[in-house]
Amino acid sequence: MSGTDPAALQELRAVEAELNERWPETKIEPSLDRIRALTDLLAEPQRSYPVVHIAGTNGKSSTSRMTDALLTGLGLRTGRYTSPHLQLATERISIDAKPISPEAYVEAYRDVAPYVSIVDSRSDVRMSKFEVLTGMAFAAFADAPVEAAVIEVGLGGSWDATNVADGKIAVVCPVALDHAEYLGDDIAGIAKEKAGIIKPGSIAVVAAQPAAAQKVIMERVAEVDATVAREGQEFGVLSRTVAVGGQMLRLQGLGGVYDEVFLPLHGEHQARNAALALAATEAFFGAGADRQLDVERVREAFAGVITPGRLERVRSAPTVLVDAAHNPHGARALADALSSEFSFRRLVAVVGVLGDKDARGILAELEPVVEEIVLTRTSSPRAMDPDALAGVAKDIFGPDRIVVEPRLDDAVETAVQLAEETDDPGESVSGGGVVITGSVVTAGEARALFGKEPA
């Protein structure tokens, strides 16, 4: 990382090695006892600032970043906790809309480590990596101090470590199937778990949902006597037009219409995330039918939003895009954006998927919009073997549209060459594109390959 002290990075890696000796984020034991014990020892830092708590299957990180940008733009000092990271662990804990430094991350760990040891000694199960990180974030935000914290759920909702915070605002992004081995394959059951972040007296800001999910979420709202704002009823996207570098939006907020909002992100799904973030921010400030946020500051905040690894352009000529889609719902949103907002003559996908994901579902969503696919793997121990991935892909793409390149850098180079190919010697090779996707790890390693700094 440019401008970062090598010694600080080395210390950060040492802390990560310590954390990686704990249960990974993919292994959960449904209990809030350990994180609650830690926050009790830390004097409940998560209660020293109001929280916007964000759950859902897809769109959590983008909605978190937009909400953070709006709160910051409207004058608050914020903390943001998201997961997983793309490139560097420090991305998970942001203060003032920027990742904390490696030095601050190490300090946050050292500050909570003695208390983590106490909790470990009292429990049959040691604290997981995610539980420790959550405690670090809560403490870092209290120490800053922040005036508002945007907290993204790690997995699920009710039993997620972040749920020891009581969100003043509870945001439920679209619910779909993902993490079936932990959350099951029943939409209503998944929605019930995610709706667990809606607390008594809170304001629930709810994205449009499948009917089964919506029913369960509204039952939770009634059960805890929360106030609700629903996409498509109290707020939503009134119109959007594709613009250079993003899209121009007209949003219906809780406090009225916000027009001429430029969002430097692609896809209808990002427009809907923007409407969700706006409604959450309005609810946070108490905006309503008779009170609107400062429209100019809202416009400025949205115009400055950065969401790394979400249809992010990392190269031109040919265009190379990176997207962290890692389940069929995310891949469908990616495919829709690629077909509606780009006009590639030839589009090639580089795909690396983790072994516990629905590879077939992801590939099936991408198939209609890409000419060829280059299958690869990342450095993650959970990465699916590219030959095994090819076995899945052959049923969907046929053998002639598939290339296997085990190394990501080779896969990208091959995809660029394929994107630039043309059958007509007189035809320009411009207009080719490459999209690199399949997992958060794939997106992160691709960003690093193109020299992008963590953000």
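This is a predicted model: local features need pLDDT of at least 70, side-chain atom pairs count only at pLDDT 80 or more; totals for chains, interfaces and linings use all residues.
Good morning. By class, the lining of the second largest pocket has 8 nonpolar, 3 polar and 4 charged residues.

Rolling a probe the size of a water molecule over the atoms shows where empty space is left. A search of the whole structure finds 1 cavity of 30 Å³ or more. The space in the largest cavity comes to about 110 Å³. Its lining includes S61, R65, the run T82, S83, P84, H85 and L86, and also P308 and R310.

My next topic is a sheet. Strands of a sheet pair through backbone hydrogen bonds, either parallel or antiparallel. Here, 3 strands form an open sheet in the order 9-10-11, with antiparallel pairing. At the edges are strand 9, residues 236–243, and strand 11, residues 256–263, each of which pairs on one side only. From one strand to the next, the twist averages 15°. Over how many bridges do strand 10 and strand 11 pair? Strand 10, residues 246–253, pairs with strand 11 over 6 bridges. As one example, Q252 has V257 in strand 11 as its bridge partner. Helix 9, residues 268–285, packs on this sheet and touches strand 9, strand 10 and strand 11. The direction of helix 9 makes about 40° with that of strand 10.

Finally, consider a pair of helices. Helix 1, residues 6–19, packs with helix 4, residues 102–122, at an angle of about 40°, and their axes are 9 Å apart. The crossing of helix 1 past helix 4 is left-handed. On the helix 1 side, the contact includes L9, L12, V15 and L19, while helix 4 contributes residues including Y105, V106 and Y109. Taken by class, the residues of this contact are 9 nonpolar, no polar and 5 charged. Among the residues in the contact are E11 and E18 of helix 1 and R110 of helix 4.

Thank you for your attention.

Notes:
Residues are numbered from 1 along each chain as its sequence is written. Side-chain values use heavy atoms; hydrogens and water are left out. On a 1 Å grid over the protein atoms alone, a cavity is a set of points where a 1.4 Å probe fits but cannot get out, and a pocket is an open set with protein on both sides within 12 Å along at least five of seven lines; lining residues have an atom within 4 Å of a point. Grid points are joined across faces, edges and corners, and a volume is the space filled by probe spheres set on the points. Two strands pair if DSSP finds at least two bridges between them. Helices (H or I, at least four residues) and strands (E, at least two) are DSSP runs, numbered from the N terminus. Axes are lines fitted to C-alpha atoms, for helices over the stretch in contact, and angles run from 0 to 180 degrees between N-to-C directions. Contact means heavy atoms within 4.5 Å. Ala, Val, Leu, Ile, Met, Phe, Trp, Tyr, Cys and Pro count as nonpolar, Asp, Glu, Lys and Arg as charged, and the others, Gly among them, as polar. A crossing is left-handed if the near helix is turned anticlockwise from the far one by less than a right angle, and right-handed if clockwise.
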